[in-house]
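Please study the sequence and the structure before reading the solutions.

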Amino acid sequence: KKIILSGIQPTGVFTLGNYLGAVKNWQKMQEEYNCYYFIADLHSLTVHIDPTKRKQQTLQAFALLLACGIDPEKSLVFIQSHVRSHAEMGWLMSCCSQFGELSRMTQFKDKSSKHPENINAGLFTYPALMAGDILLYQADYVPVGADQTQHLEFTRDIATRFNHNYGEIFKLPEGYFPKAGARVMSLQEPTSKMSKSDTNPKATISILDEENVILKKFKSAVTDSEAVVCFREDKPGVSNLMTIYSAITGKTMAEIEAEFAGKGYGDFKAVVGQAVADELKPIREKYAELMKDRKHLEALMKQGAERADYIARKTLTKAKKKVGLLPEV
Ligand code: AQP
């Protein structure tokens, strides 16, 4: 089986965007691939989060992955910092990365302009840590959003360079673009993506939102004054709601346009909101159940970390030997 690797940062409760754009597909891939999914807590250190909150969010993110159907018997699920090889490999990768190429990363430019008060070195070398995450497991495919393609390209560049300089050890990963992958936009500003860390709660649907909250947020979602349900670039609000509805129901845009022909936005928003609420209800219930048994969650974390460590350590040991670090005695 081919290997799939992906991670998600514990920067807040997953949004409908994280779910429809990533985690829902991760769950489907488990049948066909060998999947490794991790909570990227080391990556989350590049943004300021209160330490107590970070801990809670990490535990919560782990439980959310399971609640979304990631099955620890089928996939490897773990916390990044529990597998020490990530930090070590990240350093090896940092030392193969050039200042110039890291400076060209658009995500670094975006994130540093958003948070000028905290442009830390970790934010700058983030792609090197990510390259390490991927290469440690010799991943074949990495499901990435459009915002991550540059980082994946960078990972391939580093792997090629390393293999060339020190000998072939890394497999070159490819991007994986699932057919059903949806890019979900903010409900209030439909030209920017829905983000966990958005400070306006009306703009995002958290996957733990209750039904009445979900319906209310959809009711106040920004649309336009045309009152026609149609997928068009100049109608980002309506198009976003259609994308969401399509990702959940599997209906095409044409089918959705036909379904709501002659109906107003009020009806449309209510139907989309209900579909989302129905989709998220079992996840919310499963999550509540999982969070009741912390010991069980910790046992699963430990099992995931041990299995991941075994695989990661093999690659790391080879890489350390190749660059000439004196083997441990
Ligand atoms: N709006 C989105 N639509 C579709 N997919 C999305 N993803 C994120 N937002 C959307 C996908 O979710 C996965 C995990 O993302 P991440 O936690 O590693 O970081 P992110 O992309 O920065 O996610 P957020 O929610 O926007 O977090 P913050 O607010 O902390 O920056 C990725 O596969 C991503 O493509």
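Two strands are taken to pair if DSSP finds at least two bridges between them. The model is predicted.

**Exercise 1.** Determine in which sense, parallel or antiparallel, β2 and strand β3 pair, and over how many bridges.

Solution. Strand β3 spans residues 76-79. Between β2 and β3 there are 4 bridges, and the sense is parallel.

**Exercise 2.** Describe how β1 is joined to β2 and which handedness the β-α-β unit has.

Solution. Begin with the strands: β1 (residues 3-8) runs parallel to β2, with 6 bridges between them. Within this pair, Gly 7 faces Phe 38 of β2. Finally, consider the cover of β2 (residues 34-39), where 5 of the 6 residues are buried.

**Exercise 3.** Locate the 'HIGH' region and give its secondary structure content.

Solution. An unreviewed UniProt entry places this short sequence motif at residues 10-18. The span is 33% helix and 0% strand, and its end C-alpha atoms are 12 Å apart.

**Exercise 4.** Characterise the side of domain 1 that touches domain 2.

Solution. Domain 1 comprises 3-181 + 294-323, and domain 2 comprises 208-289. Their centres, taken over C-alpha atoms, are separated by 31 Å. Domain 1 gives 8 residues to the contact and domain 2 gives 7. On the domain 1 side, α1 and α3 (51-67) each supply two or more residues; the largest share, 3 residues, is from α3. By class, this side has 8 nonpolar residues, with no polar and no charged ones.

Conventions
Residues numbered from 1 in each chain as written. Predicted model: local features only at pLDDT ≥ 70, side-chain atom pairs only at ≥ 80, totals over all residues. UniProt positions renumbered as here; feature names shortened; annotations may be inferred. Buried ≥ 20, exposed ≤ 12 C-beta atoms within 10 Å, placed from the backbone. Right-handed = clockwise from strand over helix to strand, strands pointing away. Domains from an automatic or database assignment. Contact = placed C-beta atoms within 7 Å. Nonpolar A, V, L, I, M, F, W, Y, C, P; charged D, E, K, R; others polar.
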